[in-house]
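I opened my notebook today to get to know a new structure. Come along and look with me.

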Amino acid sequence: MPYFRKLACLSVVVFGFLLVSIHAQTPASPAATAQPPAADIASVDDAFIHKQFGEEFKLTDKSTPYIRDIDGDGIDDMVIVARTNKPMLDAAEHSYRVIDPYYSFYGYGDPKLTAAFGSEDLIEKKLVILVIHGAGPEAWRAETPKAKFVIINLPLKRITVKRLQLRKRQVNAIFAVEADASAGDSVVFWDGKQYKYQPIGTGGEDREQP
């Protein structure tokens, strides 16, 4: 009997050693290794904006940064309101795209032309939305982000970023508040290829989530 007891104990030890060895050799899943660090929104100041977009962009009292995964790749992106007189000027040097989802919705898709339209409202005039698609462990703070966008001509007094029910899936989207209200009057979202504009109350199943 003592012999069989020793044999059983030895088998348990060997089995446990094998389990530990297998676990140690199993690579971590991509999701576990690709988690971005905690967002440090305090670093989003004029110096950061100038580095990413150029000297023509200035932060305002409406410039609350939102850190969310906007393009659905699992990496945090950044969205913020800024002010500029010349959105196109530094596009090549700082590798960002100027886009106009608002006028594209109404059939005028060339931002080189619509950049001159603007708003007659002094509160809204020259306000743009800056978006940085994050890349790698540093996410939106990466030296070379995945992509950068300047969204022009969107009527807004402020923005918020919330979940949007987009048919059969949910996405993080940019809600533009055009009046002094708590709900967005329109929404801009990434459809997998580009940013799309949609007035609230149209588009069938599209609705915001708290």
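**Ground rules.** I am working with a predicted model, where local features need pLDDT of at least 70, side-chain atom pairs count only at pLDDT 80 or more, and totals for chains, interfaces and linings use all residues. Residues are numbered from 1 along each chain as its sequence is written, and side-chain values use heavy atoms, with hydrogens and water left out.

**Entry 1: the largest core.** I looked up the largest nonpolar core and found 22 residues, of which Val79, Ile129 and Ile174 touch the most other members. A nonpolar core here is a set of buried Ala, Val, Leu, Ile, Met, Phe, Trp, Tyr and Cys residues joined through side-chain atoms within 4.5 Å. At least two residues of this core come from each of β3 (77–84), α5 (101–105), β5 (127–133), β6 (147–151), β7 (158–166), β8 (169–177), β9 (186–190) and β10 (195–199). I note that β5 gives the most, with 3 residues. Helices (H or I, at least four residues) and strands (E, at least two) are DSSP runs, numbered from the N terminus.

I also noted a second, separate core of 20 residues, with Met78, Val128, Ile132 and Val150 among them.

**Entry 2: Ile174.** Leaving aside residues up to four places away in sequence, I found that Ile174 touches, among others, Val79, Ile129, Val131 and Val187. Contact means heavy atoms within 4.5 Å.

**Entry 3: Arg83.** I found Arg83 in strand β3. Arg83 and Thr60 are 23 residues apart in sequence, and their C-alpha atoms are 6.9 Å apart in space.

**Entry 4: Asn153.** I located Asn153 in the loop between β6 and β7. Asn153 counts as buried, because its relative accessibility is 14%. Its side chain makes a polar contact with the side chain of Asp100 (2.8 Å). A polar contact is a pair of N or O atoms within 3.5 Å; within protein, one must be able to donate a hydrogen and the other to accept it, and residues adjacent in sequence count only if both atoms are side-chain atoms. A polar atom of the Asn153 side chain also lies 2.6 Å from the backbone oxygen of Thr114.

Key
Buried means under 20% relative accessible area, exposed over 50%, partly exposed in between (1.4 Å probe, protein chains only).
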